[in-house]
Amino acid sequence: MIEGDGARRIGTQSLSPRPVLSRPTGRWADRVDRMTIDEFIAEVTKKDPPAPADALAAFETRIGQALPDDYRRFLSDCNGGHVGGRYWFQGVNPQGKPVEAGVHHIGGFRKEAHFSLLWAWDCYDGRIPDCLVWIHDDPFGNAVCIGIRGAQRGRVYFWDHENEPDEDW
C-alpha cells in the first residue's frame, strides 16, 4: 500500500497546461496565485534542451512502463532543472488534510545526479514502491513522484524520507 511505504498522495493534478502549481505573492500567508505548466517551465533555471526521444524510450524500457503522456510532454519541454523551492504543489492527503510540497531539483535525462531520473530510479530502488518514479525533490530532501502503474498512474505522490521504512521492512 502506498501510504505505508513513506509515500502520501498529494493530489491527482495532471501536468497539462492548466493551473497546477502555486507561487507566493506578497506575504506568503496573504495570497497565492496559480500558474500553468508553461509559466512554470519559463521559471526553471539550469534546464537542458528537450529530453531526447531515445533517452525517454530507454528509460521506459528500464522501468517496464511507459510514462504518463502528460509527464512525457513535460519532459519534452523541460528536461530537468532547478527552481530552488520557490514553487509549491498544494493538495490533500488521503485523510483529507491539506499538504504542500516544494519544487527544488527537477528530474530529466541529465548527467548531474540531482537532476537525473536514471540516478533517482537506482537510488530509490527498493525504497519507494516500484509503481512510483521520482520526478523532483523538495528543498528538504523528500521526493515527489508520479505513479506509473495501476491506480497510482498519473497521480503525484510525496515521499517523506523521515518516514522511510527500516531496512528490515
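**Note on contacts and surface features of the predicted model**

1. D122 and R62 form a salt bridge, with 2.3 Å between the closest N and O atoms. A salt bridge here is a side-chain nitrogen of Lys or Arg within 4 Å of a carboxyl oxygen of Asp or Glu. The pair links distant parts of the chain, as D122 is in helix α4 and R62 in helix α2, 60 residues apart. Helices (H or I, at least four residues) and strands (E, at least two) are DSSP runs, numbered from the N terminus. D122 is partly exposed, with a relative accessible area of 44%, and R62 is partly exposed as well, with 42%. Buried means under 20% relative accessible area, exposed over 50%, and partly exposed in between (1.4 Å probe, protein chains only).

2. On the basis of the model: this is a predicted model, in which local features need pLDDT of at least 70 and side-chain atom pairs count only at pLDDT 80 or more, while totals for chains, interfaces and linings use all residues. Residues are numbered from 1 along each chain as its sequence is written, and side-chain values use heavy atoms, with hydrogens and water left out.

3. The structure holds three salt bridges. One of them joins the side chains of E60 and R72, at 2.6 Å from N to O. E60 lies in helix α2 and R72 in helix α3, so this pair ties together parts that are 12 residues apart in sequence. E60 is buried, at 13% relative accessibility, whereas R72 is partly exposed, at 26%.

4. R110 and E112 also meet through their side chains in a salt bridge, at 3.2 Å from N to O. R110 is buried, with a relative accessible area of 9%. E112 counts as partly exposed, at 32% relative accessibility.

5. A search of the whole structure finds six aromatic pairs. Among them, F40 and Y87 form an edge-to-face pair, 6.0 Å centre to centre and with 90 degrees between the planes. This pair links distant parts of the chain: F40 is in helix α1 and Y87 in strand β4 (residues 81-92), 47 residues apart. Rings of Phe, Tyr and Trp (its six-membered ring) pair if their centres lie within 6.5 Å; planes under 30 degrees apart count as stacked, over 60 as edge-to-face and the rest as tilted. F40 is buried, with a relative accessible area of 3%, and Y87 is buried, with 7%.

6. The rings of Y124 and W159 have centres 5.2 Å apart and planes at 75 degrees, so they make an edge-to-face pair. Y124 lies in the loop between α4 (117-123) and β6 (132-137), and W159 in strand β8 (residues 156-159), so the pair ties together parts that are 35 residues apart in sequence. Y124 is buried, with a relative accessible area of 10%. W159 is buried, with a relative accessible area of 0%.

7. F40 and Y87 also belong to a group: together with Y71 and F74 they form one aromatic cluster.

8. On the surface, D38, E39, E43 and D77 gather in a patch of negative charge. Patches are made of residues with over 30% relative accessible area and no salt bridge, and like charges are joined within 9 Å. Asp and Glu count as negative, and the place of a charge is taken as CG of Asp or CD of Glu. Helix α1 (residues 37-43) gives the largest share of the patch, three residues. D38 lies in helix α1 and counts as partly exposed, at 47% relative accessibility.

9. K46 has a phi near 55 degrees, a positive value in a residue other than glycine. Most residues other than glycine have a negative phi. K46 is found in the loop between α1 and α2. K46 is exposed, with a relative accessible area of 56%.

10. G64 lies in the loop between α2 (53-63) and α3 (69-77). G64 is exposed, with a relative accessible area of 53%. G64 and R149 are 85 residues apart in sequence, and their C-alpha atoms are 9.7 Å apart in space.

Definitions and conventions
Patch = residues over 30% accessible without salt bridge, like charges linked within 9 Å, V, L, I, M, F, W, Y side chains within 5 Å. Areas by Shrake-Rupley, 256 points an atom, 1.4 Å probe, with all protein chains shown as cover.
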